[in-house]
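Student: I have a model open and want to learn how to read it. Where do we start?

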Amino acid sequence: MIFVVAGAQSTKKMTQLKMTQEWDKVFPKSEKVDHKKVSFHNRYGIELAADMYTPKNAKGRLAAIAVSGPFGAVKEQSSGLYAQHLAERGFLTIAFDPSFTGESGGEPRRMASPDINTEDFLAAVDFLSVQDNVDAERIGIIGICGFGGMAVNAAAIDPRIKATVASTMYDMSKVNIEGYFQSEDTPQQRMEKRKAMARQRTEDYKTGTYKRAGGVIDPLPEDAPRFVKDYHAYYKTERGYHERSGNSTDGWNVTGCQSFLNQPLLAFAAEIENPVLLIHGEKAHSRYFSEYAFEKMTGKHVEGQSAKVGNKELYIIPGASHVDLYDDVAGVIPYDKIERFFRENLK
């Protein structure tokens, strides 16, 4: 007979990350905040790298916000920009690289998981909860693009998250299961995807490598859809290019999103009790993801207009595209509204 002695498991770092200390963001550094690199682990033992932004001369315990996304981006891009702006407005913020990407740990690189990437948000809440200058009862999250869906899923499982913002959201499960606008939404089409993934897994195992799918297409075809041109204008130019970003370089592994094919992210969105703000551009190809999420949470179907039901709100920005919410070039990210939302709900 074997006896197992129960005891507390160590939560010390399992890996030592190499994090760039110099400023290498695609946006200018603010003199209104203090910046430093930090790291924390998730419950799978993966060490995550983050930038922490703290208001200068801040005193006492602050409300805190964790930010991540877009899907395939790194913290030196959009998430860091959002985090720095909100730190200027008095919040302690972190922008983190998800597992398997950027400066964070996890092998093999460039994999994605609805479970692990949701867990990354929960791990960020773990980390913020034990900081001496953070009020653990006032923690919120922001998910951008594909990490908007992960943020909503995190809010559904962790009531420590007192308020959630999803900006220009993608539901990565929905788009993998159905294709864009349900263009691949038949059992036969899904089976073809499964077969392709299975073939690739066999090939990857034979070669001992993981084939990359490629980042944002470059050079850009003349007949590329408008949203692909918008992605190119951000990820492939000085505006948003970063060498650690998969979207700027060689993308995800071909099999990287396999698990999204049968793991719906928003299954329990209707059970989120805390406030959620969904922000999307009127002209965004992806707007229907936020509308779908709003309907899942409230039962109310809307198209192309703002709506609010209880503490769940869909905010549509007139004329804005998907990528307009990545940075400040178009000047449409509603920082004032985001600030008000967190001030009202992190108090």
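Tutor: Helices (H or I, at least four residues) and strands (E, at least two) are DSSP runs, numbered from the N terminus. This is a predicted model: local features need pLDDT of at least 70, side-chain atom pairs count only at pLDDT 80 or more, and totals for chains, interfaces and linings use all residues. Residues are numbered from 1 along each chain as its sequence is written, and side-chain values use heavy atoms, with hydrogens and water left out.

Student: How many helices and strands does the protein chain have?

Tutor: The protein chain has 8 helices and 9 strands. The radius of gyration is taken over C-alpha atoms, and the globule rule is 2.2 Å times the number of residues to the power 0.38. Here the radius of gyration is 20 Å, close to the 20 Å that the rule gives for 347 residues, so the chain is as compact as a globular protein of that length.

Student: What share of the residues is buried?

Tutor: Buried means under 20% relative accessible area, exposed over 50%, partly exposed in between (1.4 Å probe, protein chains only). Buried residues make up 56% of the 347 in the protein chain.

Student: Which residues have the most contacts inside the largest nonpolar core?

Tutor: In soluble globular proteins, nonpolar side chains tend to be buried together. A nonpolar core is a set of buried Ala, Val, Leu, Ile, Met, Phe, Trp, Tyr and Cys residues joined through side-chain atoms within 4.5 Å. The largest one here has 93 residues, and I94, I142, L278 and F342 have the most contacts inside it. Helix α2 (residues 114-129) gives the most to this core, with 8 residues.

Student: Where does R110 lie?

Tutor: R110 lies in the loop between β4 and α2. Its phi is near 60 degrees, a positive value in a residue other than glycine. At 11% relative accessibility, R110 counts as buried. P108 lies in the loop between β4 (92-96) and α2, and the peptide bond from E107 to P108 is cis, with omega near -5 degrees.

Student: What about T168: buried or exposed?

Tutor: T168 counts as buried, because its relative accessibility is 0%. T168 is not a glycine, yet has a positive phi of about 45 degrees. T168 sits in the loop between β6 and α4 (172-178).
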